[in-house]
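Please open the model in the viewer and keep the selection tool at hand.

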Amino acid sequence: MEREEVLKKITEIARDVFDNAEVELKEETTAADIEEWDSLSHLNLISDIEDAFEIKFTLAEVSKSKNVGKLMDALIKHMGEKR
Amino acid sequence: MYSFKELRKHSKDQAEGEIKKLALLGNVSTQFLATAIRGYAFLEGLPLSVYDADYNQMEPQLLDPDSEVYCFCPDCILLWIATDKLYEEFLDLSPEVRPEFAASVMSKIMMYWDLISQHSGANILQMNFTEIDDKALGNYSCKVGSTFAYQIRKLNFMLSESMATRRNVYPLDILSVQIQLGNGKFYDAPLYYNAKMNVSMNALPFVAKAVTDVLKALAGRIKKCVVLDLDNTLWGGIIGDDGVDNIEIGELGRGHVFTDFQRWLKELKECGIILCVCSKNDESTAKEPFEQHGEMVLRLSDIALFVANWDDKAANIRLIQKTLNIGMDSMVFIDDNPFERNLVRQMIPEIEVPELPEDPALYLGFLQEQNYFETASFTGTGSDRTKLYQAEFERTKLKVSFETIEGYLESLGMIGAAKPFEESKYSRIAQLTQRSNQFNLRTVRYTEADIQSIAHDPDYVTLYYTLKDRFGDHGLVGVVIMKKKNGDELFIDTWLMSCRVLKRGMEEYIVNCLIREARKLGYKRVYGEYIQTAKNSMVKDIYKEMGFEEISENNYVMDVDKYKENKNYIKEME
């Protein structure tokens, strides 16, 4: 899956979790940029991404990914491990 | 089971009706559980408002009479003391006091109960404890009082004993969820360290189900009655065809499965659940195993109402419900046959109809997992209402009300086929002639060799019938053998049909096809005969019902040119 495609897919998940169809994710987007993105919805987002891509983030990736790009790095790494 | 995502989506929805209030208090994060419970309650139609107190606020909330939890005026307070936290506390204790750990936690919990009873009228939902074994001494931990594995098990036992003394405390068995799912699914370590959530997101729906089940029981929504099919549900095989000596029941082979299933049903009966039978059978045949088979666990005295006839099951269940005078939503209908299950589900949406697994070995585990029989009280054994209902049934003998099932039959999308005998089917056809006793007009038995020679004999006209519908393929379900009397006339030597497809238009379809076949071959008249046996009384008037003319007792004729097709909902295979 191309990086762009991954971004598209997690944007869809984020729109669903944040219940806001306007949400646009970019590589540099952080939680501070999106009003609905709090510590609780963060966990929902992580859990839905894990289920959708059938991967599991590590504790550090969940708590330390500073922006969407970093989260995608981790995600793509796990997807590679699956193969 | 619903996913957490589905529950989250419905967590803001509210079911209609009188709203009950539930407050959550825990030493771990309860927000996600609150979300899951809200969603689950909505999907189960339980009007519920959930208050979730901040993380680790148990004592301040319970001690202060004006706390948020008490001001919320809850009907129930759920106390969730997570084992993970207890384990950390345990390890911080000095080893000498560890053997007293369970007792000290128990006295703290009893203090919580006392505080709640003092400040509120709420019922208490008390979670028991999941298990952690840190393998400090390996298996040996089990017999050393200062290990956590020993103390947590002791605590669960003490908790059960203490709850038994308190009327307003209701257990919530999260331990059984852990056992059901296994640690791999139940825990999510990163989630615990990240968010103080000691249960994985995917395990939350199971915990929410347990909570909702208890709340439903507290609201009076309980199951009171199980309605049971017989053949291939209570025993293996078909009593009408196999006979009492050949059905599978007892400790040997597959019979063991059915014996254990009956043991569990008997246990339900002893816990106050009413057992009823609803079977498509002759009543006397259906009762034979209960009266004569030495290895049946259930006896007629265990069955409150015994309904065995050839009417449709939805009508029979209505009869049972009226006689017992209980709500349809308090009944569970157990039947191995998908056709019957779907008919009942469609005609009576309120009744619970579990989608049984195909393998009878899996019935028990599946039904137990559904947790249908949650209760909020137990009066002990001896409250046997079975006899009472038996008497009531004898007195009233309500007339069965026939419902129109035509719409249902139409919706099934049934597809039938009638073909002359072919080689690959000989053994199945022979087997049917040997085994079918009930829907069998003359009960002539044939071997495979007989069938083969009949198939090749120009003096015979043969047809075998298959049926499928949107729920599955029933395979070869009917056999007709017609013998040539002369150039104009045929005699129906054999007509048999599997009882699994009874009363859904297959009888009509079979006759339509055989008359068409006779017409195609240039015959003018078709003769039929009914020969009575001990088991085939269900078909004694079938020729008359299908429009044949009676010429003498049990002998009938149909004029092929005057035949009017019998109505049914079975379409011809393309």
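Which residue of S16(B) is the bridge partner of Val526(B)? Select Val526(B) together with S16(B) in this predicted model: the partner is Met558(B).

Strand S14 of chain B covers residues 525-529 and strand S16 of chain B covers residues 555-559. The two run antiparallel and are joined by five bridges.

Now display the whole sheet. Its eight strands follow the order S15-S16-S14-S13-S12-S11-S10-S17 in chain B, forming an open sheet with mixed pairing. Colour strand S15 (549-552) and strand S17 (571-572) of chain B separately: each stands at an edge with a single partner strand, so one side of each has no neighbour in the sheet.

Then turn to the boundary between the chains. Here 13 residues of chain A are in contact with 14 residues of chain B. The two chains bury about 1,100 Å² between them, of which 55% is on carbon and sulfur atoms.

Select Asp48(A) and Arg8(B): they form a salt bridge, with the closest N and O atoms 2.7 Å apart. Between chain A and chain B the count is three salt bridges.

Finally, select helix H1 (3-17), helix H2 (39-53) and helix H3 (59-64) of chain A, each of which supplies at least two residues of the side that touches chain B. H2(A) contributes the largest share, six residues. By class, this side of chain A has six nonpolar, three polar and four charged residues.

Key: Residues numbered from 1 in each chain as written. Chains lettered and ligands numbered in written order. Predicted model: local features only at pLDDT ≥ 70, side-chain atom pairs only at ≥ 80, totals over all residues. Heavy atoms only, no water. Contact = heavy atoms within 4.5 Å. Buried area = accessible area lost by both parts, 1.4 Å probe. Salt bridge = Lys/Arg side-chain N within 4 Å of Asp/Glu carboxyl O. Helix = DSSP H or I, 4+ residues; strand = E, 2+ residues; numbered from the N terminus. Nonpolar A, V, L, I, M, F, W, Y, C, P; charged D, E, K, R; others polar. Pairing = 2+ DSSP bridges.
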